[in-house]
Amino acid sequence: MAENTVVKEQLTSAMVDAGAELTKKLDEMKFPITAALWLFEPEVNEWRLVFASPEVAARGSREVYDRIRRAIDELKEKATAAPLSAIALMDAETDLVRLLRVALHTGGGVNRIRFSKNVINGHFIDDALIYRVA
């Protein structure tokens, strides 16, 4: 009998460093970030670098992606492990961001908190590396 096994994509140290650098660069650009994290999406077996900001609702995704693209361009090789294609945007008041705020509050800086196999108010989070939840 054949059995299929799905191997989980790894969050590499290069990805972790690139996400931290990009978060810092967005801070330097005075871009408001409520949450920044790598989030594993098991349905597609991929990691997404998620940024939550009130600017998503205020200005729209297109303008926010443009600001992030400019930050990536400025970082050059420091951001190669966090391409725009791996980035997802959320409004600052999305359910996931509110749930994460229930579990932890990092304040303003850039942290590296691993958050794996946790349930918050009935919502399962497979794996995440959190830089900020404020």
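**Helix α1 and its partners in a predicted model**

The buried residues of α1 pack against β1, β2, α3 (61–75), β3 (87–91) and β5. The model discussed here is predicted.

Biologist: Which residues of α1 are buried?

Modeller: A residue counts as buried when its relative accessible area is under 20%. In helix α1, which covers residues 13–28, the residues in this class are Met15, Val16, Ala18, Gly19, Ala20, Leu22, Thr23, Lys25 and Leu26.

Biologist: How far apart are the end C-alpha atoms of α1, and what span should its residues give?

Modeller: The helix has 16 residues, and at 1.5 Å a residue these should span 22 Å.

Biologist: Which element gives the most residues to the largest nonpolar core?

Modeller: This core holds 28 residues, of which Leu22, Trp38, Phe51 and Ile68 touch the most other members. Two or more residues come from each of α1, β1, β2, α3, β3 and β5. The element that gives the most, with 6 residues, is α1.

Biologist: Which residues does Leu22 contact, leaving aside its neighbours within four places in sequence?

Modeller: Leu22 is one of the core residues that touch the most other members. With those sequence neighbours left aside, Leu22 is in contact with Leu49, Phe51, Ile68, Ala71, Ile72, Leu75 and Ile87.

Biologist: Is Lys25 buried or exposed?

Modeller: Lys25 forms a salt bridge with Glu28, their closest N and O atoms lying 3.3 Å apart. Both residues belong to helix α1 and are separated by 3 residues, about one turn of the helix. Glu28 is exposed, at 57% relative accessibility. Lys25 has a relative accessibility of 15%, and because the limit is under 20%, Lys25 counts as buried.

Biologist: Which residue forms a salt bridge with Arg132, and how many residues apart in sequence are the parts that the pair ties together?

Modeller: The closest N and O atoms of the pair are 2.6 Å apart, and the partner of Arg132 is Asp27. Arg132 lies in strand β5 and Asp27 in helix α1, so the pair ties together parts separated in sequence by 105 residues.

Biologist: Which backbone oxygen does the side chain of Arg132 reach?

Modeller: Arg132 is buried, at 4% relative accessibility, whereas its salt-bridge partner Asp27 is partly exposed, at 28%. Beyond its neighbours within four places in sequence, Arg132 has contacts that include Thr23, Ile33, Thr106 and Gly109. At 3.1 Å, its side chain reaches the backbone oxygen of Gly109.

Biologist: Why is strand β1 described as largely enclosed by the rest of the structure?

Modeller: Strand β1 covers residues 35–41. It pairs with β2 in the antiparallel sense over 7 bridges, and with β5, also in the antiparallel sense, over 5 bridges.

Biologist: Which residue in the turn between β1 and β2 has a positive phi?

Modeller: The two strands form a hairpin with 4 residues between them. Glu41 and Glu46 are bridge partners in this pairing. The residue in the turn with a positive phi, of about 55°, is Asn45.

Biologist: Which residue is the bridge partner of Leu37 in β5?

Modeller: Strand β5 spans residues 123–133 and pairs with β1 in the antiparallel sense. Within β5, the bridge partner of Leu37 is Ile130.

Notes
Residues numbered from 1 in each chain as written. Predicted model: local features only at pLDDT ≥ 70, side-chain atom pairs only at ≥ 80, totals over all residues. Heavy atoms only, no water. Buried < 20%, exposed > 50% of the residue type's maximum accessible area, 1.4 Å probe, protein only. Polar contact = N/O pair within 3.5 Å; in protein donor to acceptor, adjacent residues only side chain to side chain. Contact = heavy atoms within 4.5 Å. Pairing = 2+ DSSP bridges. Expected span 1.5 Å × (residues − 1). Core = buried A, V, L, I, M, F, W, Y, C linked by side-chain atoms within 4.5 Å. Salt bridge = Lys/Arg side-chain N within 4 Å of Asp/Glu carboxyl O.
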